[in-house]
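User: I would like to learn how to read the features of a structural model, one at a time. Could we begin with a single residue and then widen the view?

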Amino acid sequence: MDRLTLRAVASRGPKVRNLSTQTQVAAAAGEGKTKKKYVPRFLQGAAHPGYCMVHIAFKLAALACYLILGLLIDDKTFCFLIVIILSAVDFWIVKNVTGRILVGLRWWSKIDENGKETWYFESMGEVRQTNKTDSAVFWVACYAVPLMWVLFAVTSIISLQFSQLTICAIGCGLAGVNLLGYIRCEKNHKAAVRGFLFNQAKKNISGDQMAQLG
């Protein structure tokens, strides 16, 4: 009886382990579905929906605070500080985090002893592969925000609220510098990829073929 009992327990062991594994897989699948519920529909195809939302969040927060606080609070200094802080945080996040993750690009600049500014650009080169949704969210937001600040500036001029122009100018300047940096970084990346492909093709073409092309 003892041997039969041991055999029965041993035969049931693997079944319990398989059930545990299936339960873990089902739980992981359920967790993935739960996470998708909290992702907006336009980000369902994104590879990094969380970073996409962060990329948008501080931009919308700065624009919303400019509109809401400007209407509800008479103290323009408080509105100025909140909007500039949000715009500065957004500038840092886009420059150092979301640009690198969403589109595989990064830029920065240095000023030498003579006061000359030098721009540096980084990309993942020919191995760069970006998600279409991630890329669309990144570029649309980067282009839209400076245009919104320009629109707000024009509205301030028309309504004779010249005190708001400083906020609009700083917000547009921070967003515009980031946009310019990434536009130049994208062009530099494309030029580097074209150069790489040309060099690879050049290695595969014989001297006679190069002479014919020449």
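User: Is Ser135 buried or exposed?

Analyst: In this predicted model, Ser135 has a relative accessible area of 18%, and because buried means under 20%, Ser135 counts as buried. Its place is in helix α4, and its C-alpha atom is separated by 9.3 Å from that of Gly99, a residue 36 positions away along the chain.

User: Where does Leu151 lie, and what is its relative accessible area?

Analyst: Leu151 also lies in helix α4, but with a relative accessible area of 47% it is partly exposed. From C-alpha to C-alpha, Leu151 and Cys168 are 8.9 Å apart in space, while 17 residues separate them in sequence.

User: How many helices and strands does the chain have, and what share of its residues is buried?

Analyst: The chain has six helices and two strands, and read from the N terminus the elements follow the order α-α-α-β-β-α-α-α. Of the 214 residues in the chain, 26% are buried.

User: How should I read the packing of α2 with α3?

Analyst: The general idea is that two packed helices are described by the angle between their axes and by the distance between those axes. Here α2 and helix α3, residues 76-102, pack at an angle of about 165 degrees, and their axes are 9 Å apart. Angles over 145 degrees count as roughly antiparallel, and α2 and α3 are therefore roughly antiparallel to each other. The crossing in which α2 passes α3 is left-handed, and the residues of this contact comprise 20 nonpolar, four polar and three charged ones.

User: What is the volume of the largest pocket, and which residues line it?

Analyst: In general, rolling a probe the size of a water molecule over the atoms shows where empty space is left. In this model the largest pocket has a volume of about 220 Å³, and its lining is made up of Tyr66, Leu67, Gly70, Leu71, Lys76, Phe152, Thr155, Ser156, Ser159, Gln161 and Gln164. By residue class, the lining divides into six polar, four nonpolar and one charged.

User: Which helices each supply at least two residues of that lining, and which one gives the largest share?

Analyst: Helices α2, spanning 49-72, and α4, spanning 132-158, each supply at least two of the lining residues. The largest share comes from α2, with four residues.

Methods
Residues numbered from 1 in each chain as written. Predicted model: local features only at pLDDT ≥ 70, side-chain atom pairs only at ≥ 80, totals over all residues. Heavy atoms only, no water. 1 Å grid on protein atoms, 1.4 Å probe; cavity = no way out; pocket = protein on both sides within 12 Å on 5 of 7 lines; lining within 4 Å. Points joined across faces, edges and corners; volume = space filled by probe spheres on them. Nonpolar A, V, L, I, M, F, W, Y, C, P; charged D, E, K, R; others polar. Axes fitted to C-alpha atoms, helices over the stretch in contact; angles between N-to-C directions. Parallel < 35°, antiparallel > 145°, perpendicular 65-115°, else oblique. Left-handed = near helix turned anticlockwise from the far one by under 90°. Buried < 20%, exposed > 50% of the residue type's maximum accessible area, 1.4 Å probe, protein only.
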